[in-house]
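Hi everyone, thanks for making time today. Let me put it up on the screen.

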Amino acid sequence: MSKIITVFGATGQQGGSVIRTILQDETLSKEFKIRGVSRDTSKPEAQVLLKQGVELVPADMNSKESLVKAIQGSHSVFLVTTPAWGFAGSDAELVHGKNVADVAKEAGVQHLIFSSLLDVTKESGGRLKHVPHFDQKAHVEQYIRSSGVPATFVLPGYFMNNYTSSGMLRKGDDDAYTLAYPVGKDAQFPLIDIAGDLGKFVAAALKNRSEVLGAQVFAAADYYTPTRILAEYEEVTGRKTRFVQVDIETYKSFMPRSMGEEMLENHLFIESPGYYKGQSLQESHALLEKAGFQTTTWKAYLERNKASL
Ligand SMILES: NC(=O)c1ccc[n+]([C@@H]2O[C@H](COP(=O)([O-])OP(=O)(O)OC[C@H]3O[C@@H](n4cnc5c(N)ncnc54)[C@H](OP(=O)(O)O)[C@@H]3O)[C@@H](O)[C@H]2O)c1
């Protein structure tokens, strides 16, 4: 009989990637029956999954009660939490993560794979205290570790679609596309094609469970500097680009007030001590390759999405 994997965020980028990868994988598609979680199983994204044979369970991470039905009987769980942008001081992400961890423990889940990030406050020695969407994930990771639920922590890199879908590259009057950051052109960004590749790292963890219990897996194709990001963008698209290092106040003025400080400190952290504190991606890539997967490079991602850029 197939084992059940419950996938949170099934209608979103990360959970969707996990589901697609399992469905397309010859071994995992036979080994696992997928149960997707959504707060609204009638929404179109959820209905598409239903047609692909995914079981859908309505649940909200705010309610432990609703989580029981979603997690009960599951061998594995993929968990992604999302920040409550615009609600300063909210600890929603932490509460959501703890709720799922508690229910997973009660249900005897054998493998909880959590989409985690580093603790910016701790790793910056208290210099950068305003990046709760990193810190809260690190706190959830700690909570899961101390709960004793067998777990793996997959840390997604900086999304490639931040550049292509979020207006981060702005076209100027001279037709050049400008990337403006509060950090230098040599800062190291570990990039990931989130919808294409996150599922590959999770699938690799599922295929090598005993090897990755308690481990952190860095889900990124490579470290890219802004210089390389723009050079490869020019190469693929033929467009002109420009990098500008802006001062702190100018950078914050680019975004809603509630996000400015957080995004600023997030980027200062990427510059130093580093998104993954400068740790090598080699071990995570070896795990991926052993499972038969390869990462998508920034150039390949751009080639694939060229028509819609
Ligand atoms: N942008 C970056 O460069 C970057 C880098 C690393 C990590 N991240 C992190 O990535 C995360 C976003 O991942 P994503 O892009 O996959 O998100 P997404 O596409 O926005 O999807 C979020 C998913 O979470 C579900 N969800 C939200 N609140 C829920 C709740 N209360 N109960 C149950 N399900 C809930 C939604 O499902 P329903 O609406 O169907 O219920 C949806 O499927 C964020 O935490 C962000 O910090 C971002």
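Before we start, one definition: a helix crossing is called right-handed if the near helix is turned clockwise from the far one by less than a right angle, and left-handed if anticlockwise. Please also keep in mind that this is a predicted model.

The crossing of α4 and α5 is right-handed. On the α4 side, the contact involves Lys64, Leu67, Val68 and Ile71, and α5 brings in Asn99, Val100, Asp102, Val103, Ala104 and Ala107. Sorted by class, that contact holds 7 nonpolar residues, 1 polar and 2 charged. As for the geometry, α4 covers residues 64-71 and α5 covers residues 92-107, and their axes are 9 Å apart at an angle of about 50°. Because of that angle, α4 and α5 count as oblique to each other.

Now for a second pair, α11 and α15. Helix α11 spans residues 226-237 and α15 spans residues 298-305; their axes come within 10 Å and cross at roughly 35°. What is the hand of the crossing of α11 and α15? That crossing is right-handed. From α11, the residues making the contact are Ile229, Glu232, Tyr233, Val236 and Thr237, while α15 supplies Trp298, Lys299, Leu302 and Glu303. Here the classes come out as 5 nonpolar, 1 polar and 3 charged.

How many residues surround the ligand? There are 26, and the closest are Gly12, Gln13, Gln14, Ser38 and Arg39. The elements giving two or more residues to this shell are α1 (13-24), β2 (32-38) and β7 (158-159). Of the elements, α1 gives the most, with 3 residues.

One last stop, Arg127. You can find Arg127 in the loop between α6 (120-123) and α7 (132-147). Is Arg127 buried, exposed or partly exposed? Arg127 has 13 C-beta neighbours inside 10 Å, so this residue counts as partly exposed. Arg127 and Ile71 are 56 residues apart in sequence, and their C-alpha atoms are 38 Å apart in space.

That's my tour, and I'm happy to take questions.

Note on methods
Residues numbered from 1 in each chain as written. Predicted model: local features only at pLDDT ≥ 70, side-chain atom pairs only at ≥ 80, totals over all residues. Axes fitted to C-alpha atoms, helices over the stretch in contact; angles between N-to-C directions. Helix = DSSP H or I, 4+ residues; strand = E, 2+ residues; numbered from the N terminus. Parallel < 35°, antiparallel > 145°, perpendicular 65-115°, else oblique. Contact = placed C-beta atoms within 7 Å. Nonpolar A, V, L, I, M, F, W, Y, C, P; charged D, E, K, R; others polar. Near = placed C-beta within 6 Å. Buried ≥ 20, exposed ≤ 12 C-beta atoms within 10 Å, placed from the backbone.
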